[in-house]
Amino acid sequence: MSKDFIPAAKPIIGDAERDAVDAVLRSGMLAQGAEVAEFEREFSDVLLDGRPVIAVNSGTAGLHLGLLAAGVGPGDEVIVPSFTFAATANAVALTGATPVFADIELAHYCLDPDHVASLVTERTAGIMPVHLYGHPANMPALRALAKRQGLAVFEDAAQAHGARLDGQPVGTFGSFGVFSLYPTKNMTSGEGGMVSTADVDVERQLRLLRNQGMRRQYENEVVGFNARMTDLHAAIGRVQLTRLAEWTRQRQANARYFDAALDGVGIPAVADGAEHVYHQYTITVPEDRDGFVDALRDEHQIGAGVYYPTPNHELPSFARTADLPNTARAAATVLSLPVHPALDDEDRERIVTAVNTLAKAGA
Ligand SMILES: *Cc1c(COP(=O)(O)O)cnc(C)c1O
């Protein structure tokens, strides 16, 4: 019996990625160029029904620049979940606006539209749902609320490449949507981010902001950043994009296997009309979550992740008081099992046996 450690996440890099990088290295043109332009077109065609896409050097940069391009700044409030990676609220805070932390629905760990509604003030500029773990947020309810109140919607789709709601891809519901290409995400470019937008003004601002405010060289129109993606990274991303659909099917097949076989733990729910792409397969255990994670690692050589043990509003970087009971409950009870496409049949069996054994033992 294999006792190899099963990691929580594992980027799959093959000869095609190595060859693509080598070709760029040989070309001598390493920075943003033709590869980035092709990657933007292909990403748009494959994932976003042709909606324009702007490549940047990280998902965080995409969120930050997207908010700036949409005109968010000091004096504004943007409602975000507290139960997410810190980049979501960081991006808001870096514009000078104030992130306002809302609670989640426990079924899918995404923003609770009713709680969001209770937080709207005259300063609220927008709502930034996160499609957490690869499950789409409740966009119909959030969009209806935004429309009623005259707010913008910005999507953090960093974990949700290819997720859909009623057939519509995430990243096409708001004024912009952001995907991360960090190595643990469903596809990678090393580091990178993709911003989709159908708003021509936002698109134009994004292209300026990522490149020192220049469209033409040395004709800087606004004060901007260097947030460009390199052709080296785009070359990796282009290969990964061709494999994403197959990897997503494998993630979904792994999830179906766990759904059917796990016993004594809470399994992830999928909303009506939602296509979940299982960036994470997140379960809840009755008690002692941290002990459960330790036992999976130490007794069964299985890497489980806790995303996220500390809600954003409680991080030292924000240190706010807020009463978010579902967020508190999720932060204390969730853990994510390996669900990535590098798992083989034996790995899946080992994961199920380990979880069921620990659940039964009341770990
Ligand atoms: C990964 C992630 C980000 C940030 O993306 P980077 O590419 O790492 O900058 C933002 N939001 C969420 C929810 C993420 O998971």
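A residue is called partly exposed when its relative accessible area falls between the cut-off for buried, under 20%, and the cut-off for exposed, over 50%. Glutamine 212 has a relative accessible area of 34%, so it is partly exposed. The structure it belongs to is a predicted model. The chain has 363 residues, and its secondary structure comes to 11 helices and 12 strands.

**The chain as a whole**

- A compact globule of 363 residues would have a radius of gyration near 21 Å, and the 20 Å of this chain agrees with that.
- Taken along the principal axes, the box filled by the C-alpha atoms is roughly 65 × 55 × 40 Å.
- Buried residues account for 53% of the chain.
- The chain exposes about 15,200 Å², and 50% of this area is supplied by carbon and sulfur atoms.
- Of the contacts between residues at least 6 apart in sequence, 69% join residues that are at least 24 apart.

**Helix H3 and what covers it**

- Helix H3 runs over residues 59–69.
- Nine of its 11 residues are buried, so H3 is largely enclosed by the rest of the structure.
- The buried residues are Gly59, Ala61, Gly62, Leu63, His64, Leu65, Gly66, Leu67 and Ala69.

**H3 against H4**

- Two packed helices are described by the angle between their axes and the distance between the axes.
- For H3 and H4 (residues 87–94), the angle is about 35° and the axes are 8 Å apart.
- H3 passes H4 in a right-handed crossing.
- On the H3 side, the residues in contact are Thr60, Leu63, His64 and Leu67; on the H4 side, they are Ala87, Thr88, Ala91, Val92 and Leu94.
- Sorted by class, this contact has six nonpolar residues, three polar residues and no charged residues.
- An α-helix has 3.6 residues a turn, so residues three or four places apart point the same way.
- Asparagine 90 is also in H4, and its relative accessibility of 29% means that it counts as partly exposed.
- The C-alpha atom of asparagine 90 is 8.2 Å from that of threonine 60, although the two residues are 30 apart along the chain.

**H8 against H11**

- The axes of H8 and helix H11 (residues 345–360) come within 10 Å and cross at roughly 35°.
- This crossing is right-handed.
- H8 contributes Ala253, Asn254, Tyr257, Phe258 and Ala261 to the contact, and these meet Arg348, Glu349, Ile351, Val352 and Asn356 of H11.
- By class, the contact residues are six nonpolar, two polar and two charged.

**Backbone geometry in loops**

- Most residues other than glycine have a negative phi, and most peptide bonds are trans.
- Glutamine 212 has a positive phi, near 60°, and is not a glycine. This residue lies in the loop between H7 and helix H8 (231–261).
- Alanine 319 also is not a glycine, and its phi is positive at about 45°. Its place is the loop between H9 and H10. With 57% relative accessibility, alanine 319 counts as exposed.
- The peptide bond from tyrosine 307 to tyrosine 308 is cis, with omega near 20°. Tyrosine 308 is in the loop between helix H9 (289–300) and helix H10 (325–333).

**Two further positions**

- Glycine 264 lies in the loop between H8 and strand E10 (274–275). Not counting residues up to four places away in sequence, glycine 264 touches Pro286 and Ala359. The C-alpha atoms of glycine 264 and threonine 284 are separated by 9.4 Å, and the two residues are 20 apart along the chain.
- Glutamate 38 is in helix H2 (residues 34–47). At 28% relative accessibility, glutamate 38 counts as partly exposed.

Notes. Residues are numbered from 1 along each chain as its sequence is written. This is a predicted model: local features need pLDDT of at least 70, side-chain atom pairs count only at pLDDT 80 or more; totals for chains, interfaces and linings use all residues. Side-chain values use heavy atoms; hydrogens and water are left out. Axes are lines fitted to C-alpha atoms, for helices over the stretch in contact, and angles run from 0 to 180 degrees between N-to-C directions. Helices (H or I, at least four residues) and strands (E, at least two) are DSSP runs, numbered from the N terminus. A crossing is left-handed if the near helix is turned anticlockwise from the far one by less than a right angle, and right-handed if clockwise. Contact means heavy atoms within 4.5 Å. Ala, Val, Leu, Ile, Met, Phe, Trp, Tyr, Cys and Pro count as nonpolar, Asp, Glu, Lys and Arg as charged, and the others, Gly among them, as polar. The radius of gyration is taken over C-alpha atoms; the globule rule is 2.2 Å times the number of residues to the power 0.38. Buried means under 20% relative accessible area, exposed over 50%, partly exposed in between (1.4 Å probe, protein chains only). Accessible areas come from the Shrake-Rupley method with a 1.4 Å probe; for residues, only the protein chains shown count as cover.
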